[in-house]
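Please take a moment to look over the sequence and the three-dimensional structure shown here. The paragraphs below are meant to be read alongside them.

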Amino acid sequence: MNRKKVTSTDVAKRAGVSQATVSMVLNQKYNVSFSRETIKKVEQAAKELGYTNEKKPRASRIRMRGTIFVVCPNFTNPYYFSLIQGIEKTAQKNKFDVFLCNTRRDYQTEEKYLKKIEKLNPSGVIYTFAPTFPESLQNVSKKIPVVLIGEKDVVSGIDTVELNSEKMGRMLAEYLLGLGHRKVGFISTPLTERQSARRARIKGFCETFAEAGCSDGVYVRSLPKEMDIMFQEIDMEYRTGYELTLELIQQVPQITAIAGTNDMVALGIRDALLKEKYRIPEDISVIGCDNLLFSGLRGIDLTTVEHYVSKKGEDACEILIQEMGEQKAKNNSSVENMVHHIEYEPRLVVRGSSSYPKLK
């Protein structure tokens with residue numbers, strides 16, 4: 001039989017003193033005075049009972065070596081799966097595991113993950129969107145290598161694989177203007193402050209039309225800002241395109257083209273137009289952004305912007321692994337910090353969903 005472990009309470013009973021006295025005597029707390037007799041009784045009782053007050057060594061700080069945390073705002077858009085695929089490809093090649101954190105666009109969940117990341121201390125972190133708490137992410141980056149995949153200049157001092165969404169918006173606008181479209185729509189998911197990529201895309205689109213003297217011909221529709229945290233359902237972006245398109249064509253029947261802030265929204269735009277018996281592109285052209293896999297499928301044939309999503313995931317992981325090596329070197333010498341920035345030149349992919357406006 002296993003012998004019952006002797007406790008300080010057992011020692012107190014044997015010595016005829018309180019448990020607090022035993023604790024202070026055996027831990028040599030000298031801020032309280034005890035008589036020699038009391039000290040002797042406690043020490044003798046402890047010896048007779050075989051009691052030891054040796055403390056267990058404190059657990060060293062958790063270190064999830066070989067693990068990369070990837071923080072995403074949702075898994076409802078294939079865009080993020082493309083990023084993750086690129087990240088995992090490079091991580092696996094370099095023998096790193098990938099741990100996915102889905103914030104569901106919830107502020108508290110994102111903040112909780114940031115705190116857990118600090119505590120769990122992984123080898124590195126890849127953030128796939130503009131952080132709600134940039135200062136917290138900067139603090140994490142002082143202890144753990146961090147790479148951001150996001151809009152230009154969102155967080156300073158962090159390695160970034162950059163999106164230039166304003167340039168993408170301009171590219172879409174220039175294409176439509178070149179075809180002769182002068183009354184166009186732009187449909188987006190909520191335009192909150194933290195959605196810098198969405199806002200930049202619309203800014204570039206609208207400014208290009210304004211520079212061409214056609215600012216009155218752009219009709220922007222987006223969901224209310226408070227709906228941003230509601231984007232949990234897998235079809236929310238699709239439904240945004242679908243429902244706002246039905247409203248737009250009722251309000252502006254003479255419109256000749258509609259752009260979606262991404263391909264998922266554009267797919268909703270497409271289906272809403274087909275439901276209302278519009279021909280694409282003969283009656284209304286449809287364009288998107290991201291060049292997801294389904295965008296080029298027969299029957300969809302979506303004109304969109306390619307900005308190499310999967311490749312960005314690969315590059316982010318490559319930079320992170322490089323940063324891990326630089327951090328080791330910095331710990332062993334006086335190597336200065338380096339901040340890496342990579343930006344791809346977006347490319348317009350013209351397909352069958354867009355054409356010249358119908359002659360009236």
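The structure is a predicted model, in which local features need pLDDT of at least 70 and side-chain atom pairs count only at pLDDT 80 or more, while totals for chains, interfaces and linings use all residues. Residues are numbered from 1 along each chain as its sequence is written, and side-chain values use heavy atoms, with hydrogens and water left out.

We begin with the charged side chains. A salt bridge is taken here as a side-chain nitrogen of Lys or Arg within 4 Å of a carboxyl oxygen of Asp or Glu. The whole structure contains 19 salt bridges. One of them joins Lys-89 to Glu-314, with a distance of 3.6 Å from N to O. This pair links distant parts of the chain, since Lys-89 belongs to helix α4 (residues 78-93) and Glu-314 to helix α11 (residues 309-332), 225 residues apart. Helices (H or I, at least four residues) and strands (E, at least two) are DSSP runs, numbered from the N terminus. To describe how open a residue is, buried means under 20% relative accessible area, exposed over 50%, and partly exposed in between, with a 1.4 Å probe and protein chains only. Lys-89 is exposed because its relative accessible area is 53%, whereas Glu-314 counts as buried because its value is 17%.

A further salt bridge is formed by Lys-167 and Glu-345, whose closest N and O atoms are 3.1 Å apart. Lys-167 lies in helix α7 (residues 165-179) and Glu-345 in the loop between β11 (341-343) and β12 (347-349), so this pair ties together parts that are 178 residues apart in sequence. With a relative accessible area of 26%, Lys-167 is partly exposed; Glu-345, at 52%, counts as exposed. Asp-235 and Arg-239 also form a salt bridge, with 3.4 Å between the closest N and O atoms. Asp-235 is partly exposed at 30% relative accessibility, and Arg-239 is partly exposed at 32%.

On a 1 Å grid over the protein atoms alone, a cavity is a set of points where a 1.4 Å probe fits but cannot get out, and lining residues have an atom within 4 Å of a point. Grid points are joined across faces, edges and corners, and a volume is the space filled by probe spheres set on the points. By this rule there is 1 cavity of 30 Å³ or more. The largest cavity holds about 420 Å³ of space. Its lining consists of 26 residues, and those nearest the centre of the cavity are Tyr-79, Tyr-80, Gln-195, Ala-197 and Arg-198. The elements that give two or more residues to this lining are α4, β4 (146-151) and α8 (196-211). Helix α8 gives the most, with 4 residues.

The expected span of a helix is 1.5 Å times one less than its number of residues. The 16 residues of α9 should therefore span 22 Å, and this agrees with the 22 Å between its end C-alpha atoms. Among the buried residues of α9 are Met-236, Gly-241, Leu-244 and Leu-248. The buried residues of this helix pack against β6 (184-188), β7 (218-222), β8 (257-260) and α10 (263-275).

The last topic is the backbone. Most residues other than glycine have a negative phi, and most peptide bonds are trans. The peptide bond from Ile-280 to Pro-281, however, is cis, with omega near 10°. Pro-281 lies in the loop between α10 and β9 (285-287). Lys-95 is not a glycine, yet has a positive phi of about 65°. This lysine, Lys-95, is found in the loop between α4 and β2 (97-102), and counts as exposed because its relative accessibility is 74%. Asn-291 likewise has a positive phi, near 55°. Asn-291 lies in the loop between β9 and β10 (304-306), and at 18% relative accessibility Asn-291 counts as buried.

Terms used
1 Å grid on protein atoms, 1.4 Å probe; cavity = no way out; pocket = protein on both sides within 12 Å on 5 of 7 lines; lining within 4 Å. Contact = heavy atoms within 4.5 Å.
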